[in-house]
Amino acid sequence: TYSLSLTHSLTHSLTHSLTHSLTHSLQLFELVLLNPDTAVAPGLSLTATLQFSPDRDEDLKERLILVSDDDVLEIPILAYVCFLEVDSEVDFGSLVANSKVISEEIHIFNHGSAPGAFKIAYKGASPVNISPTSGIVEPKTIQLIKVELCTNQPMTVNEVAKVKLQDSEDTFLKIKAEVVEQALELLASTASGERLEFVRFGAAYFGTAKLEQVVLFNNSPQPCDWVAVLQDDAIGTEVGTDIEKSTAAALLQMALRNKGKEVDAAALISCLPNEGHLGPYGKIMLSLCFSPAYIRNLEDETNCDEPAKQDYSLFMKFEIVGSKDSFIHDQTSGRHPNNENKLKCTELAVTGTGLPVSLTPTPGPCFDFKEIYMGERVEMLCVLQNRSPLLPVVFRFQKTANFIISPSKGKIDCGLQQDVVLSFAPHQIGSFTVCQLIDIFGQVAVLGRSSVQLKFRPFHQIGLRFSGTCNPLSKKIQPKFNPGITPAVTNETGQCVEVDAEKLANCSNMVRMAVLSASKTGIHAHRRSRSLERNKLIAFPNDRSASIRPHSRNEHYRTIFTKAERYNYVDPEFAYTEEEEKQRKAHKEYYLQFIHNLRDVRLQKAKERELGDTRDEVDIGIKPAAGLRPRRLLLRDIESGKVEERSLGRSRLLTTCTLAAMETRSTSRPVNDGINVVPSTTQEKEDCSKTLTAQQLHQVIIGKNNTYLFKVCNLGVKKQLSIVNNLPVYVWVQVEIDCQELQQSSPLSHVVPPVSRAYLPLVFETSKLGKFQKSVTYTVNKKHAGHILVVGTVVPVSLELSAAEIVLSPSHNFLAEAGYRGTVTLTNPRNHPAEFTWKPIITENGIAFSIRPATGTVEAYRELDCEVVWHPSYYSPLEGVFDLCVHHGNTTGLKCVAKVLMNSLVHTSSFYLH
């Protein structure tokens, strides 16, 4: 007996009485009232119990009629033995094709009182998996059905699965989804917002920059992290080639440039920001900066010409951070990244031209202003010609003493010229040779952490050589003498009285009493002084100021009449004597020589230590390493066993060659033993607690987008999940597995050392045949999540034949009784040994063929040769059929045919007659 409670509430303001009736004739339903004759007051309720007592398994329908005065209420009553109900639609909504398995749940309700069976059949082409597809639903319970969709490619899913329910009509489950491509798009920053495939910067001077802005658009309903990468190894890349030259000239220029310093393509193009996060259908403004720079070949000392025009053609790509392929491309075999990775990035071509500053001064870079006197001024005309056909020149002369330029600054359009007046107006005496610098102004890029600005600054200089001499005016200074004996209180002295003997006659008018006629007579001159030079200085009265010390110890004065040397007194208390001067000079030279000897000994010891490894006793006259130049190392050639720089630093634009070089270095350092499951050391804990940027996360390569298990047997297979850490810090990778088939994988956590490669084992085991697809989620440093897709097909063991038919011919190397022989090869393409048995198909004519071995085992991924023999006789049939039966596997037929020749048949018959 089944019972159900019913409650009747009265909302009217009047008292009503309640009566009921059941329409079923069998009276299987009974309504039990506690007080059937009592009226119901307003605001009160009446509770009744409906009882159902079935006598057989049958679905029943009944009506319960309640009469309350003038109101009639009809209540339908349904009773089912087994009544299953299922949701009619599963809508995944809008998804992104990121190779992830998305699951939704539907419900199967059993409203009946008996268990009910269900079965779901799906035969569509979409990657949809339903589990479980059959089962029993207990009474009054709900069965959850999981519907999984693999978003491995963009598609529109509108599928139908047939659902069979017990004691009900077949129904259909609609499966809907819209899987779109997760793509990045580059749009113009203008109001049109059109898609961009290339950016033309045009011409720019070496050292300047040009700025263009684009919009990066995430055209998908899912947020993503993105990073910009410069493809410096892409086909069609041109760095510093003049495309207007002939092919031979361009190739020669490239060969000469390759001998010098390699051009860093990342220094030519800047993108800020070069990494970030975009929300669903989000946009961000990017600044692309083109900065051409001329790289001169430092090894070619004879190349002093001005730089030539250089054209640039570069390619960039904006990638979505996540599971990715390797950065290393096999260029010899022509392998490129797969199409799935191409869908996750957008490419942008960038073109530009670098031009040298072609400002030519005429008549030349050297200007000689000759000799002028103080206070004078000389001018020269200089013509500045802009020989560039594309760009103007903005110049300014730097200020230089004694030289004036007018105009000192200006702008010259392309192909035009301007006159400049150069003036030499010295303010001091002497010869002047200066380098007059002309600053060339342009837009120079100033890079910040997340933005770039252009500032008008000097980026180039041109030097002019100015020379000139300023001579003083010829002004004769007359000496002033003391005319005679003066009082002691005045002590007047002469000025500029350095007069030699030849000019003594000219001073007779000024000092008549002191000189008299000394220039005309020589009778008073001493005999020892008559042979001396006549240009010796003359000593006049009172030409010194209260001292008998000489003005200079090296100058000698003579008297007016006698021509004798004046007495010079040197006070030893205030000056060195000649002997003391000689001792002082010798002492100084001794210590200088001692210091020089110490330096020579030190340099000799350093040279001996440097050449100690290459020096031997036999001297053959060859200097070690003379004339040899070391090879210029590139980033990809540097192999360091120790990571010197642990700091992540400021991010710059990544390049494909740099990423490939880092991955090559990391993959050459596999780490198999001694890997910690959790961070243990202080350095590991510090590194594993960092939050990585999108650019840093892009350098951690974990598997591929899909890990294919191919066709495997139900006994399982093991695959290695590769983890490549290109960062100079530790990273902590944890894998989360929530499916039963991969539960045997262990360990699921690794602390990967810097610049190394590690592996995580994925063990796949299942007993269910068919397709398998699951998403395996991983985290990096417990902050950055990602996933990989594990796809496989579980099949039974099987063997493959090398041929479905084998023809046996006679062999001349065997006797006649040896029969006809041949070989068939059994191949095991599975990961498990396969046991087999050959079973002959015997017909009415019998069979004359045999195969050895008749039974056996073929190991995994191995081959086995079986010998087929035909035994000739009078009644031997020429054809036979064998079945290759694989235990718990497939069965394959082999047809055997014997090709008998006439002479061989006669020989065989004679043999059997004997």
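Residue numbers start from 1 along each chain as its sequence is written. Because the model is predicted, local features need pLDDT of at least 70 and side-chain atom pairs count only at pLDDT 80 or more, while totals for chains, interfaces and linings use all residues.

Strands here are DSSP runs (E, at least two residues), numbered from the N terminus. Two strands pair if DSSP finds at least two bridges between them. Strands of a sheet pair through backbone hydrogen bonds, either parallel or antiparallel.

Strand S14 covers residues 155-165. Its covered face holds Met155, Val157, Glu159, Ala161, Val163 and Leu165. On the uncovered face are Thr156, Asn158, Val160, Lys162 and Lys164.

| Pair | Bridges | Direction | Facing residues |
|---|---|---|---|
| S10 (residues 116-121) and S14 | Four | antiparallel | Phenylalanine 118 and leucine 165 |
| S14 and S15 (residues 171-180) | Nine | antiparallel | Asparagine 158 and lysine 176 |

S14 and S15 form a hairpin with five residues between the strands. In this hairpin, aspartate 167 takes a positive phi near 60°.

**The open sheet**

Five strands make up an open sheet in the order S27-S34-S33-S29-S31, with mixed pairing. Strand S27 (366-373) and strand S31 (409-412) each have a single partner strand, so one side of each is left without a neighbour in the sheet. On average, neighbouring strands of this sheet are turned by 25° against each other, direction ignored; the axes behind such angles are lines fitted to C-alpha atoms.

**The second largest pocket**

A pocket is an open set of points on a 1 Å grid over the protein atoms alone, where a 1.4 Å probe fits, with protein on both sides within 12 Å along at least five of seven lines; lining residues have an atom within 4 Å of a point. The volume, the space filled by probe spheres set on the points, is about 1,100 Å³ for the second largest pocket.

Its lining has 44 residues, and Asn129, Glu148, Phe772, Gln773 and Lys774 lie nearest the centre. Among the elements that give two or more residues to this lining are S10, strand S11 (128-131) and strand S13 (142-150). S44 gives the most, with seven residues. The lining divides into 17 nonpolar, 16 polar and 11 charged residues, where Ala, Val, Leu, Ile, Met, Phe, Trp, Tyr, Cys and Pro count as nonpolar, Asp, Glu, Lys and Arg as charged, and the others, Gly among them, as polar.

Technical notes: Side-chain values use heavy atoms; hydrogens and water are left out. Buried means under 20% relative accessible area, exposed over 50%, partly exposed in between (1.4 Å probe, protein chains only). Axes are lines fitted to C-alpha atoms, for helices over the stretch in contact, and angles run from 0 to 180 degrees between N-to-C directions.
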